[in-house]
Amino acid sequence: MLKFIGLLMITFTFLVFNIMLAPTRDSAMNWRINSISFHIIIPLMYIVDWILFYERKTVKWYTPFVTVTAPLVYVIFIFIRAWSLGFNPDAPYIYPISS
């Protein structure tokens, strides 16, 4: 189950960076080796590893629901924190305004 949780988190990292964050950043920063390796190469390698080598019969039907609880709790925490500290709705990120 831990490998499945890792798969969901690394896939989430891959999707959020490439769909939401990369288009808003300077393109020169997106082509740095650390950005490419951490946000594209390593997630794709992990996904391919899971597809090729994971024992799928060990994943229970409720595992995907259990694995998304931690990110959902985190997002709820960030929204509560943003609401309590002040939130700029025009900002592209959900973090509160830094003072």
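Here is a short tour of the chain shown above, from its overall make-up to a few individual residues.

This is a predicted model. The chain has 5 helices and 0 strands, so from the N terminus on its elements read α-α-α-α-α.

**The chain as a whole**

- Of the 99 residues in the chain, 19% are buried.
- The accessible surface comes to about 7700 Å², and carbon and sulfur atoms hold 74% of that area.

**Helix α1**

- Helix α1 covers residues 2-21 and has 20 residues.
- From its first C-alpha to its last, α1 reaches 27 Å, close to the 28 Å expected at 1.5 Å a residue.
- Buried residues in α1 are Phe-4, Leu-7, Ile-10, Phe-14 and Phe-17.
- Seen down the axis of α1, these buried residues fall within an arc of 165 degrees, so they line one face of the helix.
- That buried set packs against three other helices: α2 (27-30), α3 and α4 (63-67).
- On the face of α1 turned away from the buried side, you will find the exposed residues Leu-2, Phe-12, Ile-19 and Met-20.

**The largest nonpolar core**

- Which residues make up the largest nonpolar core? There are 5 in all: Phe-4, Leu-7, Ile-47, Trp-50 and Tyr-54.
- Two elements, α1 (2-21) and α3 (33-53), each give two or more residues to this core.
- Trp-50 has a relative accessible area of 15%, and because buried means under 20%, Trp-50 counts as buried.
- Phe-4 is buried as well, at 8% relative accessibility.

**Aromatic pairs**

- How many aromatic pairs does the structure hold? There are 3.
- In one of them, the rings of Phe-4 and Trp-50 have their centres 5.8 Å apart and their planes at 50 degrees, so this pair is tilted.
- Because Phe-4 lies in helix α1 and Trp-50 in helix α3, the pair ties together parts that are 46 residues apart in sequence.
- The rings of Trp-61 and Tyr-62 also pair, with centres 5.7 Å apart; their planes stand at 90 degrees, so this pair is edge-to-face.
- Trp-61 is exposed at 69% relative accessibility, whereas Tyr-62 is partly exposed at 37%.
- Ring pairs also link Phe-4, Trp-50 and Tyr-54 into a cluster, and these three residues belong to the largest nonpolar core too.

- Is Thr-67 buried or exposed? Thr-67 counts as buried, with a relative accessibility of 3%.
- Thr-67 sits in helix α4, and leaving aside its neighbours within four places in sequence, Thr-67 is in contact with Phe-4, Ile-5, Leu-8 and Met-9.
- Pro-71 lies in helix α5, which runs over residues 69-85.
- With 23% relative accessibility, Pro-71 counts as partly exposed.
- Pro-71 and Phe-12 are 59 residues apart along the chain, and their C-alpha atoms are separated by 9.7 Å.

Methods
Residues numbered from 1 in each chain as written. Predicted model: local features only at pLDDT ≥ 70, side-chain atom pairs only at ≥ 80, totals over all residues. Heavy atoms only, no water. Helix = DSSP H or I, 4+ residues; strand = E, 2+ residues; numbered from the N terminus. Buried < 20%, exposed > 50% of the residue type's maximum accessible area, 1.4 Å probe, protein only. Areas by Shrake-Rupley, 256 points an atom, 1.4 Å probe, with all protein chains shown as cover. Core = buried A, V, L, I, M, F, W, Y, C linked by side-chain atoms within 4.5 Å. Expected span 1.5 Å × (residues − 1). Arc of directions from axis to C-beta. Contact = heavy atoms within 4.5 Å. Phe/Tyr/Trp six-rings, centres within 6.5 Å; stacked < 30°, edge-to-face > 60°.
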